[in-house]
Amino acid sequence: MEISGSSQESDNEEDAREILKIIQEDAEDAVYFKHDGSINGFEIVFYPHTPKACTDYHWGKIFSTIKKLGYTNDDKKAGLHIHGSRNFFNTVTEQNEALAKMVFLMYKFKEEIEPLAGRSGSEYATYSAKALKRAKENDLFGTFRWYCDSCGKYSAINCQHKDTFEIRIFDGATNAQDLMDRIQFVNNLFKTVKNTSTTDIVKVDINDILPENYKIKKEN
């Protein structure tokens, strides 16, 4: 899991140390900090965690400390990037099939996911217009083909990491509930993709992957 934070100030080592101290109350050696040229601040990167382990932190205290230090996402440049392990899907062939299904669901339900994501897209989380059109037509392989034709580091789903799939669609999280909801979404997405065939993936409902707080009420 990777979390970005931005500020009106430049990088500050003392701030990083204070935030790190709060995080280490729950776990030693859980994170590292790095500079990110795309934001006016620094990036907090968590080492691999299970979804359950992510709930074990005192996020309220962590976010209140970040806010106290003056860090915000008012300029909307910071994003939350969540990485999921490729090995969750076993073999390379299964990983490639999983990516195709994941791309299809995230493109098909782009608009429904936007309230959770906090943004409709950005230069750091781009969508292929041709792939979006194919997804609306329930064309799994057409969607994946056009995604592959234009995918890169700044795609909404970045597949260029050898060990993970990186979900880049989220605005920077500024509170614990937003963070937990987005982690739950990625967990739901990965499990749904793993347990659904390429034939049945077109039958998946948006509420199968949305977290509880964002499920869409259906009209009778």
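This is a short tour of a predicted model, from the whole chain down to single residues.

**Whole chain**

Start with everything shown as a cartoon. Eight helices and seven strands make up the secondary structure of the protein. Orient the view along the principal axes: the C-alpha atoms fill a box of roughly 50 × 40 × 30 Å. The radius of gyration is 18 Å, which agrees with the value near 17 Å that a compact globule of 220 residues would have.

Next, show the surface. Its accessible area is about 11500 Å², and carbon and sulfur atoms account for 48% of that. Buried residues make up 47% of the 220 residues.

Color by charge. The protein carries 29 positive and 35 negative charges, and their mean positions lie 5 Å apart.

**Salt bridges**

Side chains of opposite charge can pair when their charged atoms come close. The structure holds nine salt bridges.

Select E18 and K68. They form a salt bridge, with 2.6 Å between the closest N and O atoms. Which parts of the chain does this pair tie together? E18 sits in helix α1 (residues 13–23) and K68 in helix α3 (residues 59–68), so the bridge links parts that are 50 residues apart in sequence. Check the surface here. E18 is partly exposed, at 31% relative accessible area. K68 is exposed, at 58%.

Move to K110 and E114. Their side chains meet in a salt bridge at 2.7 Å, N to O. Is K110 buried or exposed? K110 is buried, because its relative accessible area of 15% falls under the 20% cut-off. E114 is partly exposed, at 22%.

Go on to D200 and K203. Their side chains form a salt bridge at 3.3 Å, N to O. D200 is partly exposed, with a relative accessible area of 33%. K203 is exposed, with 64%.

V202 lies in the segment after α8 (176–195). Its relative accessible area is 26%, so V202 is partly exposed.

Which residues does V202 touch, leaving out those up to four places away in sequence? They are F104, K108 and N138. Display all three. Then draw a distance from V202 to K108, C-alpha to C-alpha. The two atoms are separated by 9.2 Å, while the residues are 94 apart along the chain.

**Two asparagines with positive phi**

From V202, step across to its contact N138. N138 is in the loop between α6 (129–136) and α7 (140–150). Look at its backbone: phi is positive, about 60°, although N138 is not a glycine. N138 counts as partly exposed, at 37% relative accessibility.

Finish at N90. Where is N90 found? N90 is in the loop between β5 (79–85) and α4 (92–108). Phi of N90 is again positive, at about 70°, and N90 is not a glycine. N90 is partly exposed, with a relative accessible area of 44%.

Terms used:
Residues numbered from 1 in each chain as written. Predicted model: local features only at pLDDT ≥ 70, side-chain atom pairs only at ≥ 80, totals over all residues. Heavy atoms only, no water. Helix = DSSP H or I, 4+ residues; strand = E, 2+ residues; numbered from the N terminus. Rg over C-alpha atoms; globule rule 2.2 N^0.38 Å. Buried < 20%, exposed > 50% of the residue type's maximum accessible area, 1.4 Å probe, protein only. Areas by Shrake-Rupley, 256 points an atom, 1.4 Å probe, with all protein chains shown as cover. Lys, Arg positive; Asp, Glu negative; His and termini not counted. Charge placed at Lys NZ, Arg CZ, Asp CG, Glu CD. Salt bridge = Lys/Arg side-chain N within 4 Å of Asp/Glu carboxyl O. Contact = heavy atoms within 4.5 Å.
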